Amino acid sequence: MSRPQPIEYKDASPEVKAVFDDIMQSRGLKDVNNFWKLLANDPKGLKRTWESVKEVMAPGALDPVVKEMVYLAVSVTNNCGYCIASHTAAAQKAGMTPEMFGELMGVVGMANETNRLVNGYRVQIDPQFE
C-alpha cells in the first residue's frame with residue numbers, strides 16, 4: 001500500500017472543505033496543518049476526529065494552557081514528534097512559559113521513571129489509595 005498523500009484545500013471534496021473551513025475559522029488559520037490534510041483521506045474520520053478535538057480542547061474546568069500541557073506530556077510519553085511540535089506551539093500560544101515547559105518535562109520524565117519502577121517491582125497498591 002502506498003503512503004497516503006495530504007489533501008490540499010483546492011483538491012478537497014465539499015465534505016472535507018467544510019471541516020477544513022471549520023478548523024481554519026475556529027483556530028484563526030489561513031490553512032490547516034498536515035495532520036488534518038492526511039486525515040482528509042478519510043472524510044468521515046476527519047470530521048469525527050475534528051469534532052472530538054473541538055469538544056475535548058474547548059474551554060472547561062481546565063484552562064487552555066493546562067489542556068495543551070497535558071496533551072504535550074502525553075505526546076512526549078508516546079514519542080509523537082509531530083504532536084510534540086504542534087502542542088508545544090499551542091501551549092506556548094496559550095501561555096506556557098519556558099519555566100513551565102521545563103517543569104513539565106521534569107514531571108513527565110519522573111512519572112515515566114517511577115511508573116516503570118512500579119511495573120518492574122510489581123508494587124502492590126497501598127490500601128489508603130484504594
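**Salt bridges and helices in a predicted model**

Let's start with a pair. D31 and K37 form a salt bridge, with their closest N and O atoms 2.8 Å apart. By salt bridge I mean a side-chain nitrogen of Lys or Arg within 4 Å of a carboxyl oxygen of Asp or Glu. Salt bridges with shared partners join E8, D31 and K37 into one network. K37 is buried, at 6% relative accessible area. D31 is partly exposed, at 36%. The cut-offs: buried is under 20% relative accessible area, exposed is over 50%, and partly exposed is in between, with a 1.4 Å probe and protein chains only.

A word on the source. This is a predicted model, where local features need pLDDT of at least 70 and side-chain atom pairs count only at pLDDT 80 or more, while totals for chains, interfaces and linings use all residues. Residues are numbered from 1 along each chain as its sequence is written, and side-chain values use heavy atoms, leaving out hydrogens and water.

How many salt bridges are there by this rule? The count is 5. In general, side chains of opposite charge can pair when their charged atoms come close.

Next pair. K54 and D22 meet through their side chains in a salt bridge, 2.6 Å from N to O. K54 sits in helix α3 (residues 43-57) and D22 in helix α1 (residues 14-27), so this pair ties together parts 32 residues apart in sequence. Helices here are DSSP runs of H or I, at least four residues, numbered from the N terminus. K54 is partly exposed at 29%. D22 is also partly exposed, at 22%.

Now D11 and K10. Their side chains form a salt bridge at 3.1 Å, N to O. Buried or exposed, which is D11? D11 is exposed, at 52% relative accessible area. K10 is exposed too, at 65%.

On to the helices. T88 is in helix α5 (residues 81-94). T88 counts as buried, at 15% relative accessibility. Leaving aside residues up to four places away in sequence, T88 touches L72, C83, M96 and F101. Contact means heavy atoms within 4.5 Å.

Last, helix α6, residues 98-121. α6 has 24 residues and reaches 35 Å from its first C-alpha to its last, close to the expected 34 Å. That expected span is 1.5 Å times one less than the number of residues. L104, V108 and N112 are buried in α6. An α-helix has 3.6 residues a turn, so residues three or four places apart point the same way. What covers the buried residues of α6 includes α4 (64-77). After α6 comes R122, with a positive phi near 55°.

Definitions and conventions: Helices (H or I, at least four residues) and strands (E, at least two) are DSSP runs, numbered from the N terminus.
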